[in-house]
Structure formats: structure tokens, C-alpha cells
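Subject: Structure for you to look at

Hello,

Please find the structure below, with the sequence. My notes on what was found in it follow.

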Amino acid sequence: MKKIIVTGGSGFIGSNLVNYLIQKGYYIINIDKLTYSSNKYHSKIKNKKNYKFFKLDIANQKKLIKIIKKFKPKAIFNLAAETHVDRSIDGPKNFIHSNIIGTFSILEALRFLQKKKINPKLIHISTDEVYGDIKKNYRSNEKHKYEPSSPYSATKAGADHLVKSYIRTYNLKAVISNCCNNYGPYQFPEKLIPKMITNIFKNKELPIYAKGKNSREWIHVKDHCEALFTLYLKGKNGESYNVGSGINMNNIDLVKNILKTCNFMKIKIGNKTKIKFVKDRPGHDFRYALDNTKIYKKLKWKSKINFKKGLQDTIIWYLENKDFLNRISKKNYEKRLGLKVWLKKVSS
């Protein structure tokens with residue numbers, strides 16, 4: 001049975017990818033340090049014989065080498081990362097540790113293991129945010145220059161550059177994926193879609209930055225998992241691939257869509273559940289949009305899940321899995337973050 005390591009396999013995208021790969025018949029080794037946003041997905045895996053979990057910070061290079069050496073995986077999917085922009089504004093240190101030092105640790109481990117003839121393919125998962133603010137009527141392709149705006153996107157950009165340098169200098173087998181915003185099951189409720197769904201369930205206000213005109217591209221996490229699997233099978237070493245859906249939506253329209261879908265599903269919407277515009281976060285990019293022509297033409301992949309259907313399925317999942325939300329401490333997602341810089345500017 002072929003073995004694959006997934007770092008960050010207890011996170012949102014990671015847990016969905018673990019499930020996807022197990023269904024494909026792979027033996028999965030999940031390495032996750034279980035931060036605030038990790039879920040207990042690893043404890044629910046039914047087919048334990050195809051799955052192994054290690055609680056570990058990927059920055060621990062010595063232990064990482066031992067695991068890779070023991071299992072000799074065909075591939076490593078690196079999803080271990082801090083991802084919430086607002087948290088990166090309040091405290092960038094954890095993002096530098098996980099996103100840059102953690103990636104460096106994986107690369108160094110692979111460089112060392114090359115000498116032992118252990119050479120798994122690295123699929124490094126990045127973000128569309130490394131490209132920065134994208135002008136209207138334009139979509140960023142893989143040759144677009146990096147212009148990160150937040151500590152989060154800057155650390156992801158730094159990690160991408162590290163991976164590219166190791167490919168060129170040490171001839172490591174690796175590809176990079178730059179994906180747009182994901183949605184779907186197991187997403188931590190600090191992110192926009194699950195936060196709105198959670199607040200609707202709890203009859204709370206729906207906070208939106210500024211006037212909600214910021215535009216994001218959305219893809220269902222299952223589509224993303226399929227794209228990552230395609231990169232493992234067919235992605236060319238040394239290449240970067242944009243993973244997008246082409247579905248862009250302003251935040252205000254997205255929230256209205258969620259409300260409309262809940263109404264259609266006859267989910268009760270309380271009198272306190274109203275859209276509320278709040279102070280924007282510092283350095284907030286207006287628009288992200290990916291040109292995914294390359295992955296479509298070269299690897300024959302494109303997203304399949306209709307957004308309307310995907311959103312409805314996501315709401316149903318949260319409706320049927322309220323225990324997922326109830327297990328999470330409210331202090332980890334209800335408090336507004338990313339305000340420290342703005343408040344400092346106002347008071348100075």
C-alpha cells in the first residue's frame with residue numbers, strides 16, 4: 001500500500017484531504033501539532049489500519065526525519081500553516097514559525113534524506129494571497145509577481161520562494177499550488193463562511209468589513225483535494241499551479257447568498273441576525289482572482305462543484321454537526337482580531 005504524509009492533516013483542508021486519500025486506498029500519516037484551529041478528525045478515522053497520527057510540530061526536523069525515514073512515503077502534502085490573516089496582524093511570530101521555519105524544516109529533512117535515497121514528492125500548498133491585490137478584469141497567472149500585503153501572505157510567499165530555491169539548488173522533487181478561498185466541512189468558524197453560518201444558528205449579527213465590496217474567489221474543499229491529488233500524480237517538478245474555480249463574489253453578496261440559502265432551507269433566522277458593517281482590517285486587499293488556465297490545459301483539471309449546491313451542502317454539514325462548533329472555545333473565534341494596528345493609528 002502506497003504511503004503519503006500529510007502535514008497539518010487535522011486542519012480544515014488537511015482533514016478533508018486525509019479522508020480523500022484514504023478513500024483512494026492510500027496509507028496516510030498525519031503530522032499535526034494540534035493548534036487552536038485543529039479538529040479531532042484523526043480520532044474518528046474508522047479504518048485505523050490505513051492511518052497513523054503523530055502529534056508533532058513540523059519545525060522539529062529531527063523527529064520529522066525519523067518519520068519520513070520509517071514510512072518512506074511516495075509524497076508529502078504540506079498543509080501545516082497558520083492561515084488567519086487577522087491573527088497574523090495581531091501576532092506575526094507564529095506565522096513565521098509555522099509557515100517559514102516549518103517549511104524550511106521539511107525542505108532540510110528532504111535534502112538530508114536524498115542522500116539516503118528517500119526522495120518523496122513534495123506538494124506545497126500555498127495561497128492566492130501571495131499575489132496581492134488584483135485589478136478588476138484581470139486574473140493572476142503563475143508568472144504574476146508576488147506582492148503580499150499581510151504577515152500571513154508574506155510568510156506564505158517566503159515559504160514558496162524557499163521551496164523554489166530548494167528545487168533549483170538541490171533538485172528536490174516538488175510542486176507548488178496556489179489556491180483561492182476554500183469552503184466546506186470542518187472549517188474553523190473564524191473564517192467568513194462558517195462564521196456567518198454559526199452566527200445565523202446563534203441569532204447573532206453578521207459582521208462584514210467596510211462595505212463588503214472586497215472580492216474573493218471560492219472553491220469547495222473537495223475540488224481542492226482533487227486538484228492536489230492531480231498535482232501528486234501529474235504535476236511537473238519545479239512548477240507552480242494556480243487552483244481556482246473562476247467563481248468570484250463580493251463579501252456582501254456572499255453573505256446575502258448564505259442568508260438566501262438558509263431561508264430556502266427553512267432555517268430560522270432570528271431578529272438579531274442582521275448584516276453589520278465593521279471597521280476594515282489594516283492592509284485589506286480588495287480583490288483576489290486566479291487564472292487557472294495552466295492546470296486546466298496541462299493537467300486537465302477543473303473544479304466541478306456548483307457553488308450554490310456546495311454552499312447548501314456546507315450549511316447542511318454544520319447543521320448536522322453542531323457538536324463540532326460546540327467543542328470549540330468561543331474565545332478562539334468570537335473575538336474580533338486584527339484591530340491592534342488600526343487602534344494604534346487612531347490613538348496616535
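A residue is called exposed when its relative accessible area is over 50%, buried when that area is under 20%, and partly exposed in between. Keep in mind throughout that this is a predicted model.

Salt bridges

Side chains of opposite charge can pair when their charged atoms come close. How many salt bridges does a search of the whole structure find? The search finds ten.

K145 has a relative accessibility of 55%, so K145 counts as exposed.

Another salt bridge pairs E205 with K276, and here the closest N and O atoms are 3.6 Å apart. E205 sits in the loop between α6 (192-201) and β8 (206-209), while K276 belongs to strand β12 (residues 275-278), so this pair ties together parts that are 71 residues apart in sequence. E205 is partly exposed, at 42% relative accessibility. K276 is partly exposed too, at 40%.

The side chains of K33 and D57 also meet in a salt bridge, at 3.9 Å from N to O. K33 is in the loop between β2 (27-32) and β3 (51-55), and D57 is in the loop between β3 and α2 (61-71); the pair therefore ties together parts that are 24 residues apart in sequence. K33 is partly exposed, with 29% relative accessibility, and D57 is partly exposed with 23%.

Cysteines

How many disulfides are there? The count comes to zero. Why is C179 in no disulfide? A disulfide needs two cysteine sulfur atoms within 2.5 Å. The nearest cysteine sulfur to that of C179 belongs to C180 and is 4.5 Å away, so C179 is in no disulfide by that cut-off. C179 is buried, at 3% relative accessible area. C262 is buried as well, and its relative accessibility is 0%.

Helix α1 (residues 12-23) and helix α7 (residues 221-234) cross at roughly 65°, and their axes come within 9 Å. The crossing of α1 past α7 is right-handed. On the α1 side, the contact is made by F12, I13, N16, L17, Y20 and L21. On the α7 side, it is made by V221, H224, C225, E226, L228 and F229. What kinds of residues make up this contact? Nine are nonpolar, two are polar and one is charged.

R287

R287 is in the loop between β12 and α9 (293-299). Is R287 buried or exposed? R287 is buried, with a relative accessibility of 11%. Which residues is R287 in contact with, leaving aside its neighbours within four places in sequence? They are G132, D133, I134, K135, K136, N137, Y138, R139, S215, R216 and N248. R287 and N214 are 73 residues apart in sequence, yet their C-alpha atoms are 5.8 Å apart in space.

Regards

Note on methods:
Residues are numbered from 1 along each chain as its sequence is written. This is a predicted model: local features need pLDDT of at least 70, side-chain atom pairs count only at pLDDT 80 or more; totals for chains, interfaces and linings use all residues. Side-chain values use heavy atoms; hydrogens and water are left out. A salt bridge is a side-chain nitrogen of Lys or Arg within 4 Å of a carboxyl oxygen of Asp or Glu. Helices (H or I, at least four residues) and strands (E, at least two) are DSSP runs, numbered from the N terminus. Buried means under 20% relative accessible area, exposed over 50%, partly exposed in between (1.4 Å probe, protein chains only). Axes are lines fitted to C-alpha atoms, for helices over the stretch in contact, and angles run from 0 to 180 degrees between N-to-C directions. A crossing is left-handed if the near helix is turned anticlockwise from the far one by less than a right angle, and right-handed if clockwise. Contact means heavy atoms within 4.5 Å. Ala, Val, Leu, Ile, Met, Phe, Trp, Tyr, Cys and Pro count as nonpolar, Asp, Glu, Lys and Arg as charged, and the others, Gly among them, as polar.
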